[in-house]
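Here are my notes on this model. Please read them with the structure open.

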Amino acid sequence: MSGEKDGVIATDGSRPARVIDCDVVIVGCGVAGLYCALNLPEALSVVLLSKEAVDHCDSMLAQGGICVLHDPGDYESFFEDTLRAGHYENRLESVDLMIRASRPIIDDLIKRGVRFARRADGELDYTREGAHSRPRIVYHEDVTGEEITTHLLACVRDLPHARILEHTCMTDILEGFEGSGTRVCRGVVATGPDGEKIEIHADATVFATGGVGGLYSRSTNFSCLTGDGCRIAAEHGVLLEHMDYVQVHPTSLWSERPGRAFLISESARGEGAILLNDAGERFTDELQPRDVVSAAIFAEMRRTGAEHVWLSFERVPRDVIEGHFTHILERCLEEGYDIRERPIPVVPAQHYFMGGIHVDSDSQTTLPHLFACGETCCNGVHGKNRLASNSLLEALVFAQRAADRIMRDRFAEDTAAQLAAAARMRSRFVAGSRDVTDVALLTGAK
Ligand SMILES: Cc1cc2nc3c(=O)[nH]c(=O)nc-3n(C[C@H](O)[C@H](O)[C@H](O)COP(=O)(O)OP(=O)(O)OC[C@H]3O[C@@H](n4cnc5c(N)ncnc54)[C@H](O)[C@@H]3O)c2cc1C
């Protein structure tokens, strides 16, 4: 095992580069990057990069919640809802893996301290969003992403074998050759906070660089998310998939001000909010998949010449508005709209990227030793259109699978007992959460 090493070398004779040696470099500190780090054993040294401050990631913005298999009887309808939203272009194996892993993932988050809304009897409360045939989304107020990401970040900061480099932007990857002459990824090149060049040498590289919203004039994403992982992958001949599958969210708060569009969560419509045109008439079924609702809004705007439509919370009980949609209520008040009193102006905005770096079900790209997970990759879960609240789940499930695969490759020579011991070491914060499945999972036993 190599511990992490830091040094300086002159790469081209003129400009010295700082060099960091580690086992795994993870580019991105959203839920995908963080959860991948948390699922690697202490025996591996890990370096994580964040382009800006760590809280500048879309994971912090997720409002509505995260899907989970409600009960065993929910499997078929969860599967079907995901496929219907995805226009049946989804990769079936990936959808199956995600749904089956969903309950252990939520249990793991809870063991790590993440709080989800509960009913009076203490059981988890489930909400519903567009295109879901039943409630199966767990949530924390309307700031689920912040709740999850903050906890995962704190857990990663506690890891003795991992460190985070903020304001450090990956600009390229490093390539090398394996014994047989196969081209492989050997780490990344980055620019540090003071503009210094950094080479991070690693056995495994994980892209968790998020979406592409920064490339659009109206988007709900952080502007620093500009598809860097995809660009660099393409430059190295790594296979990309469905780069035109971009999701537009039907309801962002309309504003004349430039900058990130504020999202009005889909669960608002799930809880009864309705869309109206300038004449106060409903013009579509609000609970259809996002692409259908967005298309209906655009058509209505074209028909009436309006710059936006309206979202009315009239049918949403006041206690739900004040209890569940606290932050939306506050943010709209800041903008001069009281959602308890009158409709708010909304307009569709770029929101999510279903395409990306092609990966297999272990999050491996077509370049050996390079992995991708989260929004930057395409593992086929979402097909042509993402079902609401499936992305946090998909990111976590396939980040964990990337970590599993890295560990399996790294310890391939070891015995099953050593592998199991390594697996248990990574679970020490959540004793018991994965012990049952780890050995079989990592040794490939069925
Ligand atoms: C407003 C909003 C609401 C949402 N609500 C929900 C929801 O309710 N439920 C749900 O399931 N999903 C929701 N989503 C989608 C979900 O939040 C994202 O798909 C998910 O969080 C993506 O996680 P990620 O780890 O892949 O990327 P991110 O969390 O975006 O993290 C990307 C990371 O990559 C880093 N990075 C990028 N490029 C570089 C580079 N060149 N060098 C170094 N670092 C780099 C960034 O700094 C960042 O740390 C929402 C998204 C938005 C925008």
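1. By class, the shell around the ligand has 18 nonpolar, 19 polar and five charged residues. Here Ala, Val, Leu, Ile, Met, Phe, Trp, Tyr, Cys and Pro count as nonpolar, Asp, Glu, Lys and Arg as charged, and the others, Gly among them, as polar. This is a predicted model: local features need pLDDT of at least 70, side-chain atom pairs count only at pLDDT 80 or more, and totals for chains, interfaces and linings use all residues. Residues are numbered from 1 along each chain as its sequence is written.

2. There are 42 residues around the ligand, and Gly28, Gly30, Gly64, Gly210 and Gly374 come nearest (near: C-beta atom, placed from the backbone, within 6 Å). Two or more shell residues come from each of helix H1 (31–38), helix H4 (144–158), strand E7 (169–177) and helix H10 (390–410). H10 gives the most, with four residues. Helices (H or I, at least four residues) and strands (E, at least two) are DSSP runs, numbered from the N terminus.

3. H1 and H4 pack at about 40°, with axes 9 Å apart. Axes are lines fitted to C-alpha atoms, for helices over the stretch in contact; angles run from 0 to 180 degrees between N-to-C directions. The residues of this contact divide into 10 nonpolar, one polar and no charged.

4. The protein is divided into domain 1 (5–245 + 354–443) and domain 2 (250–351); the bounds come from an automatic or database domain assignment. Their C-alpha centres lie 30 Å apart. In domain 1, 22 residues are in contact with 24 residues of domain 2 (contact: C-beta atoms, placed from the backbone, within 7 Å).

Technical notes:
Two residues are in contact if their C-beta atoms, placed from the backbone, lie within 7 Å.
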